[in-house]
Amino acid sequence: MGTHIMSPPSVPNHNRKAHDQEKSHDFKTQQPYLVYSPVVKPNNNPIDSVSHVFNSWTNKADTIARNVWRNLKTGPSVSEAACGKLKLTAKALTEGGFEPLYKQIFITDPNEQLKKTFACYLSTITGPVAGTLYLSSTKVAFCSDRPLSFRAPSGHEAWSYYKVAIPLANIGTVNPVVMRENPSERYIQIVTIDGHDFWFMGLINFEKAKHHVLETLSHFRGQPYGGY
């Protein structure tokens, strides 16, 4: 949500320092945590997707709709985000839950277990991207609700889901951020040991997401977790 073009993760626009200007660079090589898996150009007609979801899962429509609309206040395109959320939920349900879906999307370790999922947005240079934050026993991962376009090495337009995979061993710090000027703007910043940072925003339950991310990281490090 917020952009059709894949771009590097970034500090939210209003949080950027003045000297942090947008630059044109090969972010594929500079971002080791981005995962690329080209797909066929998506169908731009959202009506079919919405109809399919509601026709297939009418008994869950009310719950899905409530969760979707609660999470759409941070984005500029409500209808587009709603389609993405509905498609993802329907796909998870048809695949038997989010864990099988997670293991389809990402390469996982044999003993890796999915702990939690959170609908959110990843801040990028060209705007927030709607998707799902996956918290597992070995990594923090993110996958966009829909494919985004990017320029392939051949120079042609290509499409891929925006996927991020950050091993817990590579996480340096996790910083929950609440804007003093506007407390409703809350972020979870993840900074890696090699200097990359990711800002997750628009979380439906910020406190719950913060708690589980910090708890999982503490457990992975073998340290007691005493809350935050």
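**Confidence and core**

Modeller: The protein averages a pLDDT of 74, with 65% of the residues scoring at least 70, where pLDDT is the predictor's confidence in each residue, from 0 to 100. This is a predicted model, so local features need pLDDT of at least 70 and side-chain atom pairs count only at pLDDT 80 or more, while totals for chains, interfaces and linings use all residues. Residues are numbered from 1 along each chain as its sequence is written, and side-chain values use heavy atoms, with hydrogens and water left out.

Colleague: Where is confidence lowest, and where is it highest?

Modeller: The lowest mean, 40, belongs to helix α2 (residues 46-56), and the highest, 95, to β8; helices (H or I, at least four residues) and strands (E, at least two) are DSSP runs, numbered from the N terminus.

Colleague: Which residues touch the most other members of the largest nonpolar core?

Modeller: In soluble globular proteins, nonpolar side chains tend to be buried together. A nonpolar core is a set of buried Ala, Val, Leu, Ile, Met, Phe, Trp, Tyr and Cys residues joined through side-chain atoms within 4.5 Å, buried meaning under 20% relative accessible area, exposed over 50% and partly exposed in between (1.4 Å probe, protein chains only). Here the largest core has 27 residues, and Val-164, Ile-171, Val-174, Ile-190 and Phe-200 touch the most other members. Its largest share, 5 residues, comes from α6.

Colleague: Against which strands do the buried residues of α6 pack?

Modeller: They pack against β3, β4, β7 and β8, contact meaning heavy atoms within 4.5 Å; Phe-206, Ala-209 and Val-213 are among the buried residues of α6.
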